[in-house]
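Dear colleague,

I am handing over the structure we spoke about, and you will find it just below. Please look it over before reading my notes, which follow it.

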Amino acid sequence: MSRIPGIGLFSLVNRFVDRAIGAEGLSPVVRQNLLHQQLRSVAEMTPAMLAASVAVSIVFLMMSWGTPRFWYLALTIALILIVQLHSVYLAFVHIRTPAAQVPNKSGGRTVLYAFLLGVAWVVAFNMLPIAQSPAARGVAVIGAGGLACVAMMALVNYPQALTAFVIPLIDGALGLVAAFDTSPDFWAQGALLLLFMFILVTVSFYHAAAFVAHRASETLVEEKGEIIGLLLREFEQSISDWIWGTDADGVINRASAGFTAATGVPEEALMGADFVHFLRCLTPPGDPMFTHLERDIVARQTFQDVNLLVLADGKECWWSLTGKPAFDVEGNYLGYIGTGSDITERKMAERRITMLAHHDSMTGLLNRTKFTEHLNSCVARLERYGTPFAVMFLDLDHFKSVNDSRGHMAGDRLLVQVAKRLGEVMRDTDLAARLGGDEFALILPSECEEHDVTALAERVIATIKEPYSIDDEQVVIGVSVGIAMAPLNGTRPDQILRNADLALYRAKADGRSVYRLFESEMDSEARERRLLEMELRDAISNNELVLYYQPLVSAVDEKPVGFEALIRWNHPIRGLVPPAEFIPIAEHSNLIVDIGDWTIVEACKAAVSWPEHLSVAVNLSAKHFRQSDISLIVRKALAISGLAPERLEIEITEGLLMEHPEQVVLKLDEIRALGVSIAMDDFGTGYSSLSYLQKFSFDKIKIDRSFVHASSDNEVSRDILKAIASLGKTLKLKITAEGVETREQADFLAAIACNQLQGFFFSRPLDSIDLPLYLLKNVPGRAAEVKAEAERQLGRLVS
């Protein structure tokens, strides 16, 4: 343990002892601390060794009184006591010396003193009248044994010193006595003494090893404690993060500098205040997050990252609080200890992102996405409470001529003024949105009698017709208004939008700058189909088709493993048109081939920017699969995008295999040869699902959502799901369950060994704005890339 200068036998012994007691591999700092602790234990026992030496010295002097060697013995004992007194003095100094200031020679000096004392006692033994007195020989042996026992207690934690003292002491004493007494009694006593000496040294090494292990652990714990304490002090001094604590009565008993800075309340005023009451005074009444936090504290539960809106120091802030109850060793509740952070900047950034995502950047009105969300809310209220509402579609008249003649900048300024005038004539409860270009929409969620709605439409038309000043010139435009009223003109969002759109077309056909209410004769099926088909033909060239992506999550940890591409028609008037409305028209008009090919290519382009472990699934309609050279399209999509084939999954329905299954299987084999996975969608809804598994070796089967939905209260459906999962496991197929909407369904499907889950419980389909945010939250290691992608998407939205 010690660092003794020099080389040779002593250094070798010292290194041997270090290895024996486990001190060789310790760091220099830890070794120095352990040496100090070893020497401290020796120093504390030095007075005991002095007392033992005095006792033995008195006995030896009494035994040699009157002999010729008495004065030599007295002189030797005096030297021994002087050395021991000096050892006591050094021990006194050492106890008061910090570990870092202990000289490196202290260990070597301790060993040297022990060796000198052992040799000195051997000299003293030689001066006893051993030859003349058997009693003197017994005293010598007992004295040597006694000194060895005391040395064992004093030097047990420092084996080098114990060995240096005991070996010359015992060997010298036995050698001296053996020169004058070779009786069996002596050999028996000597053998026992040697055995005791061996046991003493062995026990010393064992005890020293335990001492080193214990002290080394203590030193490491102290070092880590110092580091933790330093970090804790730095954390407490932070302004944006802080530490708080309460006692068992909920009274604040700990508040770091950051806490006082965040609240604007001095520490003296915080200490002793009730924590829950203090927060209640800062948060808005009825805040559900505060209610959740209060409930957890009452129940003595851990809470984490509870975000609270507070009014602190006269300004609105957001705090994130985490707390954990503390208990003593007997389980008695001591209070709470927790941390807090000021997340105001993050919340403000989220609010700005939300503003950009839900509002038109030019006019400040709602965008189409938020408009659709409010429309869905109105429909939900209608279904639940019977609350009527109305929707107006507005299209500016003669705006295109202004835009073309005066430029886009003038057109943008005109749109801003139009939005401002709309805000002036609307009621407080009405909502206005810009759908794109010169198209606007209003939602009237209350007071929707026909005369109220038409009166507002007249005010809008009159206000919009007033002249505008653009670049110091007068500009006059008009507006046509189409009105649909719910529930009179529809109870579904798509119906209401469609009927308002038809009313708008009628208003424009009737001379513009007028309003028209929807009338039932506008809703002929043939006209609707022709209109949709005509607009659908231009949808691809006008970039109106978009893909949404619904996550597929692992049933084990509910982390995303891929996405299913879902096509939507971003209609300039209707908003998002679901595929159920336009896919049948596309199949009837043979537009499905162009739409399907576009979907595969665009899905691959999107997926190549995702993390490499995420796949993309594309569902193909039967008509598209038969009419298109599907393997060529897949090869083209993979080549254009650079997507790895194993990351693409093609989904087909079992109905595709009902007609000409040999040709279908041939095409599937061509796709499989590219490395692309094949999945059977809506498994279990056909007449012969199992037979199709024999016709082609699928990679995955997707359980139809009807089984998942029924599993919540139908035992038969649950048994069917268990059977499908067992079948998939037997055939080594991945199993995906669609339509998961509740935690109960998710847990059940995971329990029966489904591999992947999909449904609104995990996420609705995501557009190009929400997808990067979803990846940012759910896929580790991609934060920087996904943030950049989100900013690019938001930039496109702003522009």
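This is a predicted model: local features need pLDDT of at least 70, side-chain atom pairs count only at pLDDT 80 or more; totals for chains, interfaces and linings use all residues.

I begin with the salt bridges, of which a search of the whole structure finds 22. In one of them the side chains of Asp395 and Lys508 meet, with 2.5 Å from N to O, and this pair links distant parts of the chain, since Asp395 lies in strand β6 (residues 389-397) and Lys508 in helix α17 (residues 493-509), 113 residues apart. Lys508 also forms a salt bridge with Asp397, where the closest N and O atoms are 3.4 Å apart; Asp397 belongs to strand β6 as well, 111 residues from Lys508. As for burial, Asp395 is buried, with a relative accessible area of 10%, and Asp397 is buried with a value of 0%, whereas Lys508, at 22%, counts as partly exposed.

A further salt bridge joins Lys702 and Glu738, with the closest N and O atoms 3.5 Å apart. Lys702 lies in strand β19 (residues 700-703) and Glu738 in the loop between β20 (734-737) and α27 (743-751), so the pair ties together parts that are 36 residues apart in sequence. Lys702 counts as buried at 1% relative accessibility, and Glu738 counts as buried at 6%.

Turning to the rings, the count comes to 15 aromatic pairs. Trp242 and Trp319 form one that is edge-to-face, with 5.4 Å centre to centre and 75 degrees between the planes; because Trp242 lies in strand β1 (residues 241-246) and Trp319 in strand β4 (residues 315-327), the pair ties together parts 77 residues apart in sequence. Both of these tryptophans, Trp242 and Trp319, are buried. Trp244 and Phe303, by contrast, form a stacked pair, 6.3 Å centre to centre with 10 degrees between the planes, and they too are buried. Ring pairs also link Trp244 and Phe303 into a cluster with Phe275, Phe327, Tyr333 and Tyr336.

Lastly, in helix α12, Thr344, Lys347 and Ala357 are buried. Seen down the helix axis, the buried residues of α12 fall within an arc of 145 degrees, so they line one face of the helix, while the face turned away from that side carries the exposed residues Glu345 and Arg352.

Conventions: Residues are numbered from 1 along each chain as its sequence is written. Side-chain values use heavy atoms; hydrogens and water are left out. Rings of Phe, Tyr and Trp (its six-membered ring) pair if their centres lie within 6.5 Å; planes under 30 degrees apart count as stacked, over 60 as edge-to-face and the rest as tilted. Helices (H or I, at least four residues) and strands (E, at least two) are DSSP runs, numbered from the N terminus. Buried means under 20% relative accessible area, exposed over 50%, partly exposed in between (1.4 Å probe, protein chains only). The arc is that of the directions from the helix axis to the C-beta atoms. A salt bridge is a side-chain nitrogen of Lys or Arg within 4 Å of a carboxyl oxygen of Asp or Glu.
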